[in-house]
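Here is a short briefing on one protein model.

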Amino acid sequence: TTLSFTTLPRPKVTNVRVQQIVGTAQPAVLVTWTSNTPISSIITYYPTNNPSSVQDEVSVELTSGIHQLILRGLYPETGYSLVVSGRDKAGNEAR
């Protein structure tokens, strides 16, 4: 018996961009990025000077191509660190 199969492509996150949303009561940003395969959307973020205040913004919908999430309720005049990631249907992580 001969069996053949094709492995899934390794998911990748590229072209991460952060854009300020103006005209809101509290600071907010729109984060966009692209992925080469269908993955969930996860942004882990925190004030750079306070890593213990880490938060996640998550969308479990598997999307390929352009992803976007809005981060709301940010502190004014504060630097933030963020990590964009996602998981495909097999649990492989892109970061």
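E77 is exposed, at 85% relative accessibility. Here buried means under 20% relative accessible area, exposed over 50%, and partly exposed in between, with a 1.4 Å probe and protein chains only. E77 sits in the loop between β3 and β4 (80-87). Its phi is near 50°, a positive value in a residue other than glycine.

The model is predicted: local features need pLDDT of at least 70, side-chain atom pairs count only at pLDDT 80 or more, and totals for chains, interfaces and linings use all residues. Residues are numbered from 1 along each chain as its sequence is written, and side-chain values use heavy atoms, with hydrogens and water left out.

**Overall fold**

- The protein has five strands and zero helices. Both kinds of element are DSSP runs numbered from the N terminus: helices are H or I with at least four residues, strands are E with at least two.
- From the N terminus on, the order is β-β-β-β-β.
- The radius of gyration is 16 Å, well over the 12 Å that the globule rule gives for 95 residues, so the protein is more spread out than a compact globule. That radius is taken over C-alpha atoms, and the rule is 2.2 Å times the number of residues to the power 0.38.
- The C-alpha trace spans about 65 × 25 × 20 Å along its principal axes.
- Of the 95 residues, 27% count as buried.
- Among contacts between residues at least 6 apart in sequence, 61% join residues at least 24 apart. A contact means heavy atoms within 4.5 Å.

**Core**

- The largest nonpolar core has 12 residues: V13, V29, V31, W33, I39, I43, Y45, L69, L71, L74, V84 and A94. Such a core is a set of buried Ala, Val, Leu, Ile, Met, Phe, Trp, Tyr and Cys residues joined through side-chain atoms within 4.5 Å.
- The elements that give two or more residues to this core are β2 and β3 (55-71).
- The largest share, six residues, comes from β2.
- I43 lies in strand β2 (residues 28-47). It is buried, with a relative accessible area of 0%.
- Beyond four places in sequence, I43 touches V31, W33, Q55, D56, E57, L69, L71, L82, V83 and V84.
- I43 and V84 are 41 residues apart in sequence, yet 4.7 Å apart in space, C-alpha to C-alpha.
- Y45 is another member of this core. Leaving aside neighbours within four places in sequence, its contacts include S53, V54, L74, Y80 and S81.

**Surface and backbone**

- V16, V18 and L82 form a nonpolar surface patch, with about 220 Å² of accessible area together. Patches are made of residues with over 30% relative accessible area and no salt bridge; like charges are joined within 9 Å, nonpolar side chains (Val, Leu, Ile, Met, Phe, Trp, Tyr) within 5 Å. A salt bridge is a side-chain nitrogen of Lys or Arg within 4 Å of a carboxyl oxygen of Asp or Glu.
- V18 belongs to strand β1 (residues 13-21).
- N15 is also found in strand β1. Phi of N15 is near 55°, a positive value in a residue other than glycine.

- T48 is in the loop between β2 and β3. At 44% relative accessibility, T48 counts as partly exposed.
- Leaving aside neighbours within four places in sequence, T48 is in contact with G79, Y80 and S81.
- T48 and S81 are 33 residues apart in sequence and 5.4 Å apart in space, C-alpha to C-alpha.

Definitions and conventions. Accessible areas come from the Shrake-Rupley method with a 1.4 Å probe; for residues, only the protein chains shown count as cover.
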